[in-house]
Protein chains: 2
Amino acid sequence: MIKQLMDKIEKTKAPICVGLDPMLSYIPEHVLKQSYEQFGESLEGAAEAVWQFNKEIIDCTWDLIPAVKPQIAMYEQFGIEGLSVYKKTVDYCHEKGLIVIGDAKRGDIGSTSAAYAAGHIGNVTVGGKRFAGFNTDFLTVNPYLGTDGVKPFVEVCNAEDKGLFVLVKTSNPSSGEFQDRLIDGRPLYEWVAEKVVEWGKDSMDGTYSNVGAVVGATYPEMSRILRKQMPHTYFLVPGYGAQGGTAEDLKYCFNEDGFGAIVNSSRGIIAAYKKEAYGKFGPEHFGEASRQAVIDMVEDINCVL
Amino acid sequence: MIKQLMDKIEKTKAPICVGLDPMLSYIPEHVLKQSYEQFGESLEGAAEAVWQFNKEIIDCTWDLIPAVKPQIAMYEQFGIEGLSVYKKTVDYCHEKGLIVIGDAKRGDIGSTSAAYAAGHIGNVTVGGKRFAGFNTDFLTVNPYLGTDGVKPFVEVCNAEDKGLFVLVKTSNPSSGEFQDRLIDGRPLYEWVAEKVVEWGKDSMDGTYSNVGAVVGATYPEMSRILRKQMPHTYFLVPGYGAQGGTAEDLKYCFNEDGFGAIVNSSRGIIAAYKKEAYGKFGPEHFGEASRQAVIDMVEDINCVL
């Protein structure tokens, strides 16, 4: 799976993914109005607005990008109706040939992680048949429970040629509270990184492993160290743009082969029309604003590579 | 919310919750057969079987217990159909007067945790109206991202009188891989415990905080230390029974007031009919086997208190 992602990155020359994390506050008034008129101010109405918003952004950007990263929480907040749109979004992205990174940060004890893995990147067996619940290509995973909480995800990756990104060093302000604490002279995130390498050593797909790592753009010195510590591990890099990470901060996430990282931007792309730089598009043309923001982001990142 | 839970524990004299974690392999053949006949070997068929299984267990145990703990992964594996049954189960448990602990182990950066909190224990605003996506009373939360990933959950707790159980020391075999590593002479889980106390200090509801902790039954020496370190924090204790924790192991999780812990059992209750001790009930009477297993578990635990 990581090879497929790299092929698409090479083809698009865009080492980025668009974070499909729709907050209602990002959705233009005319989209909300139309959905509420049809389905009322209800969970259905909100879900329909999210779907129409996503569809327009996908339609305006799919040919420029290798992948999308829907954040499932933004759908889960609307209950079943929201999660139905998560699935619809995943399916639609696949129709468009996009790779889908499900950002769910799941993780639990072994048997429970196995159920999450089956539902998100694998299949569940019902009687004599197999079904994919959500069918994403990659999934983000939380490592706090250790090896037996992560292994079931790795096993599904290996069986189904899917991929993972395990949280190592996250982009948020308080990520250091536990992740940076020193254990035998090295921060926790380096110990987690060491395990991620170990978990992924039997999942090589070309020069990289299908077991990747989440490494935030907001801590460039740490990504420099992690890049050296895990040369065959792909990084999913959140934190560019709205969270404060710059292109300059990102360069350490990449290897000398020009690969090794895929940078996510959510708000900066999907709510681009709200920014002064893209104000000329107006809310009516929010999809075109997103397209221009993708073009600008790719150029910005390619400048430092 | 923790006060409501304690009142129910006092009334039932049962400091336990039933883990509604239905695997298809736990569900008796006759239930599966009937569901598959109606909905086919499909996600709908599996979901219906899970629902019928849950309903029978709830009907047979609700009057003996204060709470249930559905593990959302076991529903999520069946996609939208499974999650619809998760919601249906939560709603049915509420009709029966049970407190529902959603075991979802969510956690992310701030804005994303806020969305999870809204969906699971709070409300989401759509236009001028508010809706609860899943409406559980408690939610389990993963602390790996630190304070800004947990605070949004605490804020919803405080606003809506709901509760949390934050992972501190989990029950699985490899939980020590990161959680037990020493930082300035103390294991990581103690540092997490310290933060849990801090996060919960403005959420007092009687003598305990609405911000609780997950502390596995399988590591009694550690629960003894944690019990002292966090006297006003309620413990959700997994690992009793099938995972190897005994009643003797549990006693340190409780305070001298007889409160302070709620012990979960999943497989040991919901799949009791498969165990030799309850074999006499047979698969046809799996609900009654679960009822007897609840009675036996409560007696077992009350012996050591």
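N172(B) is a buried residue, with a relative accessible area of 1% (buried means under 20%, using a 1.4 Å probe and protein chains only). Welcome to this predicted model, in which local features need pLDDT of at least 70, side-chain atom pairs count only at pLDDT 80 or more, and totals for chains, interfaces and linings use all residues. Residues are numbered from 1 along each chain as its sequence is written, chains are lettered from A in the order in which they are written, and side-chain values use heavy atoms, without hydrogens and water.

**Around N172(B)**
- You will find N172(B) in the loop between β7 (163-169) and α8 (176-179) of chain B (helices are DSSP runs of H or I with at least four residues, strands runs of E with at least two, numbered from the N terminus).
- Apart from neighbours within four places in sequence, N172(B) is in contact (heavy atoms within 4.5 Å) with I109(A), L145(A), D148(A), Y219(B) and Q243(B).

**Where the chains meet**
- Between the two chains, 70 residues of chain A are in contact with 70 residues of chain B.
- About 5,800 Å² is buried between chain A and chain B, with carbon and sulfur atoms giving 62%; this is the accessible area (1.4 Å probe) that two parts lose on being put together, summed over both.
- On the chain A side, E41(A), Y144(A) and F178(A) lose the most area to chain B, together 15% of what that side buries.

Methods. Buried < 20%, exposed > 50% of the residue type's maximum accessible area, 1.4 Å probe, protein only.
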